[in-house]
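This briefing is intended for a reader meeting the structure for the first time.

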Amino acid sequence: MMPVRAVPAILSIVVLTSAAAFAQRGWESYDAGHPVTVEGSILVSTFEDPQATISVKGADKIWTVTLAPVSQMIERGVKADLVAVGKKVSAYGYPSKIEMNEMRAERISMDGKTYELR
């Protein structure tokens, strides 16, 4: 029989392993072989976990740009007011293989500064 104290530790390991496996599968849905750059005005900004996102009016269409978790964004110097609606942004990253007009950003540039997100 397993000690009661071991149950939370085992559950934590299972949850973390499952989350890591899910995240890994998720990133495979982006086409790293064909990077894109989207430039334009931010139409919508969602600065919340699990991933911050922005909608950008590019030259030919509106893109949903998946950024990074909020804590990672803040560590990299990107706060909510930097990716606010109306700001101009250039996002470099990988288009989704599943969702049309969606991409995962590796880096964004704004106001003459580049922020690495990964």
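Predicted model: local features only at pLDDT ≥ 70, side-chain atom pairs only at ≥ 80, totals over all residues.

R104 counts as buried, because its relative accessibility is 11% and the limit for that class is under 20%. R104 forms a salt bridge with E106, and their closest N and O atoms are 3.1 Å apart. The count of salt bridges in the structure comes to four.

**Salt bridges**

- Side chains of opposite charge can pair when their charged atoms come close.
- E106, the partner of R104, also counts as buried, with a relative accessibility of 15%.
- E106 has a further salt bridge, with the side chain of R118, at 3.9 Å from N to O.
- R118 lies in the segment after strand 6 (113-116) and E106 lies in strand 5 (residues 102-110), so this pair ties together parts that are 12 residues apart in sequence.
- Another salt bridge joins E116 and R107, whose closest N and O atoms are 3.0 Å apart.
- E116 is partly exposed, with a relative accessible area of 40%, and R107 is likewise partly exposed, at 28%.
- Through shared partners, salt bridges join R104, E106 and R118 into one network.

**Strand 5 and its pairings**

- Strand 5 is mostly covered, since seven of its nine residues are buried and buried means under 20% relative accessible area.
- Strand 3 (residues 62-66) pairs with strand 5 in the parallel sense, over three bridges.
- Within strand 5, E102 is the bridge partner of T64.
- Strand 4 pairs with strand 5 in the antiparallel sense, over six bridges.
- S90 has S109, in strand 5, as its bridge partner.
- Strand 6 also pairs with strand 5 in the antiparallel sense, over four bridges.
- M110 stands opposite K113, a residue of strand 6.

**Hairpins and positive phi angles**

- Strand 4 and strand 5 form a hairpin with six residues between the strands.
- N101 lies in the loop between strand 4 and strand 5, and its phi is positive, at about 60°, although N101 is not a glycine.
- N101 counts as partly exposed, with a relative accessibility of 25%.
- Strand 5 and strand 6 form a hairpin with two residues between them.
- D111 lies in the loop between strand 5 and strand 6 and is not a glycine, yet its phi is positive, at about 50°.
- D111 is exposed, because its relative accessible area of 66% meets the requirement of over 50%.

- K87 is located in the loop between helix 2 (70-75) and strand 4 (88-95).
- K87 counts as partly exposed, at 29% relative accessibility.
- K87 and I42 are 45 residues apart in sequence, whereas their C-alpha atoms are 5.6 Å apart in space.
- Leaving aside neighbours within four places in sequence, K87 is in contact with G40, S41, I42, D81, L82, M110 and D111.

**The aromatic pair**

- The structure holds one aromatic pair.
- Y92 and Y94 form this pair, with their ring centres 6.3 Å apart and an angle of 65° between the planes.
- The arrangement is edge-to-face, because the angle of 65° is over the 60 degrees that this class requires.
- Y92 is partly exposed, with a relative accessible area of 26%, whereas Y94 is buried, with 14%.

**A cis peptide bond**

- D49 and P50 are joined by a cis peptide bond, with omega at about 20°.
- P50 is found in the loop between strand 1 (36-46) and strand 2 (53-57).

Methods: Residues numbered from 1 in each chain as written. Heavy atoms only, no water. Buried < 20%, exposed > 50% of the residue type's maximum accessible area, 1.4 Å probe, protein only. Phe/Tyr/Trp six-rings, centres within 6.5 Å; stacked < 30°, edge-to-face > 60°. Contact = heavy atoms within 4.5 Å. Pairing = 2+ DSSP bridges.
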